[in-house]
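This report describes selected side-chain contacts and surface features of one protein structure. Please have the sequence and the model open while reading.

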Amino acid sequence: MANNKGCWKWAIVGGVSVVLVFAIAMIVVFSLQKRTVLPGCEQDETCRSDADMLDYLLSMGQISQKDGLLVTWYHGANSKEQMKAALSSDVMVLEADITIEGLGTVNETGVAIMAHPPAIYSDNTVEQWLEAVLASSKKGIKLDFKTIKAVGPSLDLLRRLTEEGKVRRPVWINADIQRGPNVGISIEVNATQFLALIQEKYPEATLSPGWTTRYLPLFPNGTYTRAMVEKMQELVGALPQKVTFPVRAVMVRAAWPHFSWLLGQSDRYTLTMWQSASDPVTVDDLLYIRDNTATHQVYYDLFEPLLSQFKQLAMNTSRKQSYYTGGSLIPALQHPGDEGLSVEWLVPDIQGNGSTATVQLPDREGMILLDVGLQKPAAGDPMPIVRTPDGRALVLESCLQQLASHPGRWGVHVHIAEPTALRPALATLATLSALGRLSRPVWVGATVSHGSFRVPGYVTGRELLTAVADVFPHVTVAPAWPEEVLGSGYREQLVTDMLELCQGLWQPVSFQLQAGPLGQSPAGVVARLLEASPRATVTVEHSPGRGLYASVRAVLLAARAVKKTRVYYRLPQSYRQDLLADVGTH
């Protein structure tokens, strides 16, 4: 009887064990089904559908650094044959087009398929395409929607595949949602519906909203306008996703002021430069875009041999670079991520006087500060001149022409010391820029009179902004408060009135602050000024005549602590060295 009980006991234990083993096996199988992860894809933030494409490719070892120029593309991987060719290639990102089977005909089925108009039939559905690409590759995905009807079903499919753990790489959702250059009729995908569907069904993606475009070689062609670019910002500015704007490469340089502005609106933004086969894109135009952006801000989806020619020159760090006068100091003088303290302000030395005077610079790089007044000759028009504290002078045009041959990285900070010099100085800048002799960042600043800091003898704030807009808008504006109103620091009303003056300013702005009065100001002045615009910066100034370095040390460090990449310093070299030592950035 005891033996029988023992047999029954072991039988029960054995049965329970079998059930447990079976249950564990089922859990493992279910987990594997839920998490289909290809080898090499780590379980981290880079292997997500909303991950940064460069972070993903870097983590996979496909690129060596975060540089959009290193990314390779495959176009129109739509049919099964094209898809197989793309999957067997070494390209990093697959681009494919999505429409609806039989779109616009009696045979329309509502099934999302892989085809580029005018084609409305395909041997490959979106579901088949995604299943194949996700199961057999680690390539990034860009889905280009040609009709709003295909967006909802495709995003539902992406949602299911993501929840099953199969989408472990960046996904870009693309559509042309605005009418763009040279397009006379409305053929764009409905912007409101497109963006709403993404937010509702699949927000875990990078947005790629573009413009419809048309370009005809040998015919007059327009380019992207300011209104087009600002409208796009209105559509996507408040959305949470990363955004890459597809832009037609042949048109971008002519519209660069607008795209420079757009990239400055958010760290989430990049551009994807694309080329149609017949577009006469030049290497020089591409190099200009390259020079005026950080390497992670632009992708280049271009044809050969143009791509290889461009890449060879772009990677040559010794070539002479050309900068947009109205652009940020990044990357011209400040590497992405570096703090503003890395930029030094330099005062030129003028040798001689009058027409034979020459300008000499310290053997360093940085922003060259020019104090500009107006000289009224016995005959002819008044001329803007650069003045030194000891009274020597050099015509502004001659000064800038001489600086044009100066090597290294530098920009120009034109400080208008006399109100009457403002428009003539801007006219000189505009002329030299049009001639290609001013390919550096340019700031134009003045002490201004406005609102609660209205003081006679200074250029009015409105006149500074109006003159810039009328004569040469491609600059950074650098307004300062009159010293006469700063006895109690930068009081709230002073800051409010300056912000009101600069509200909606299209140009970048760098508010000029004196360190001494800043130390007497209410807390939060620097932060409040920086909040005025994504492109706003602050420049803190101090000179030996206003006190020793120790008297403003705490103020300088406090300003740096607010946002060190967006705070600059106009300091004597010895004071700057002291500050560098204090922050440990030697």
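The structure is a predicted model, in which local features need pLDDT of at least 70 and side-chain atom pairs count only at pLDDT 80 or more, while totals for chains, interfaces and linings use all residues. Residues are numbered from 1 along each chain as its sequence is written, and side-chain values use heavy atoms, with hydrogens and water left out.

**Aromatic contacts**

A search of the whole structure finds 15 aromatic pairs, where rings of Phe, Tyr and Trp (its six-membered ring) pair if their centres lie within 6.5 Å, and planes under 30 degrees apart count as stacked, over 60 as edge-to-face and the rest as tilted. One of these is the tilted pair of tryptophan 211 and phenylalanine 245, with 6.3 Å from centre to centre and 40 degrees between the planes. This pair links distant parts of the chain, since tryptophan 211 belongs to strand 6 and phenylalanine 245 to strand 7 (residues 243-248), 34 residues apart; helices (H or I, at least four residues) and strands (E, at least two) are DSSP runs, numbered from the N terminus. Both tryptophan 211 and phenylalanine 245 are buried, where buried means under 20% relative accessible area, exposed over 50% and partly exposed in between (1.4 Å probe, protein chains only). Trp211 and Phe245 also belong, together with Tyr224, Phe259 and Tyr269, to one aromatic cluster.

**Helix 9 and its cover**

Helix 9 (residues 256-263) is mostly covered, with eight of its eight residues buried; among them are Trp256, Phe259 and Trp261. The elements that cover these buried residues include strand 6, helix 7, strand 7, helix 8 (249-252), strand 8 (269-274) and helix 10 (283-291), with contact taken as heavy atoms within 4.5 Å.

**Salt bridges**

By the rule that a side-chain nitrogen of Lys or Arg lies within 4 Å of a carboxyl oxygen of Asp or Glu, the count comes to 32 salt bridges.

| Lysine 166 | Glutamate 164 | 3.3 Å |

Aspartate 285 lies in helix 10 and arginine 253 in the loop between helix 8 and helix 9, so the pair ties together parts that are 32 residues apart in sequence. Aspartate 285 is partly exposed at 24% relative accessibility, as is arginine 253 at 33%. Arginine 253 additionally lies over the face of tyrosine 288, at 4.1 Å from the ring centre, a charge being over a ring if NZ of Lys or CZ of Arg is within 6 Å of the ring centre and within 35 degrees of the ring normal.

Lysine 166 and glutamate 164 also take part in a network of salt bridges that links Glu127, Glu131, Arg160, Glu164 and Lys166. Lysine 166 is partly exposed, with a relative accessible area of 23%, and glutamate 164 is likewise partly exposed at 21%.

**Surface**

Leucine 218 lies in the loop between strand 6 (206-212) and helix 7 (226-236), and it counts as exposed because its relative accessibility is 90%.
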